[in-house]
Amino acid sequence: MIGHEEHADYILLIDPRALDRECLSKSLLGYDPTLSVMTVGSLEEWRRRNLQTDPSAVLLIVGGSKIGEPGVCETIENLVEKFKFSPVIVVAETDELGQILKALECGARGYIPSNVGINVAAEAIALARAGGVFVPASSILTMRETINSVVNGARGSDSCFTPRELEVAEALQRGKPNKIIAYEMDLCESTVKVHIRNIMKKLNATNRTEVAYKIREFMK
């Protein structure tokens, strides 16, 4: 934890799990000793400290929680609203494309999955502090390349998928039903069905099972 004299430029790390937040804080400091990191269990705890300056970045650790779960997206939005000039970065266990996109829709300026190294996490924070947006490119590129490969193989066309269609396609590949997809993406179930029809058309598939099968086969 940083001292009161170091508050001019600090990273605020929020995680209700004390051990987890202290471990991440120490890892970041071990990678870059010039960083100043304040760890708290909640935004309310930060408020109680009555600091005069806002952090230069906010790290919100959500662990295994889904961004679409009640309260998670709201927490992100509240942090974005509170710290208008400080990027909010989500740290989560999963690198699912749907979760990444949902976090960005909530206003996050970065998404760090737990399967990356501390060096990547530190660089992601630096990018967000400099005004950029960090997302794990491997998650998005892998899904886009896979689906476009299926499209090209099925139709020999240059059809492209929208970000929403990519998210729905990934959910189909994971075997999620329409109601769950709609809930996690905050969409009407009828809208999900429209996305699925578009995906099926582009993949030349006759049903959702065939869509999932084609994507899964290309990912092997």
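Two strands are taken to pair if DSSP finds at least two bridges between them. The strands themselves are DSSP runs of E with at least two residues, and helices are runs of H or I with at least four, both numbered from the N terminus. By that criterion, strand 3 and strand 4 pair in the parallel sense over five bridges. Across this pairing, Ile-61 stands opposite Val-91 in strand 4.

Good morning, colleagues. This is a predicted model, in which local features need pLDDT of at least 70 and side-chain atom pairs count only at pLDDT 80 or more, whereas totals for chains, interfaces and linings use all residues. Residues are numbered from 1 along each chain as its sequence is written, and side-chain values use heavy atoms, with hydrogens and water left out.

Contact means heavy atoms within 4.5 Å.

Next, the interior. A nonpolar core is a set of buried Ala, Val, Leu, Ile, Met, Phe, Trp, Tyr and Cys residues joined through side-chain atoms within 4.5 Å. Buried means under 20% relative accessible area, exposed over 50%, and partly exposed in between, with a 1.4 Å probe and protein chains only. The largest such core has 25 residues, and those with the most contacts inside it include Leu-12, Trp-46 and Ile-67. Helix 3 gives the most to this core, with four residues. A second, separate core of 19 residues includes Leu-97, Leu-166, Met-185 and Ala-205.

Which residues does Ile-67 touch, not counting those up to four places away in sequence? Among them are Val-62, Ile-76, Val-90 and Cys-106.

I close with two individual residues. Ser-25, in helix 1 (residues 18-31), counts as buried because its relative accessibility is 2%. Val-133 is found in the loop between helix 5 (118-129) and helix 6 (137-155), and is partly exposed, with a relative accessible area of 40%. Val-133 and Arg-109 are 24 residues apart in sequence, yet 4.9 Å apart in space, C-alpha to C-alpha.
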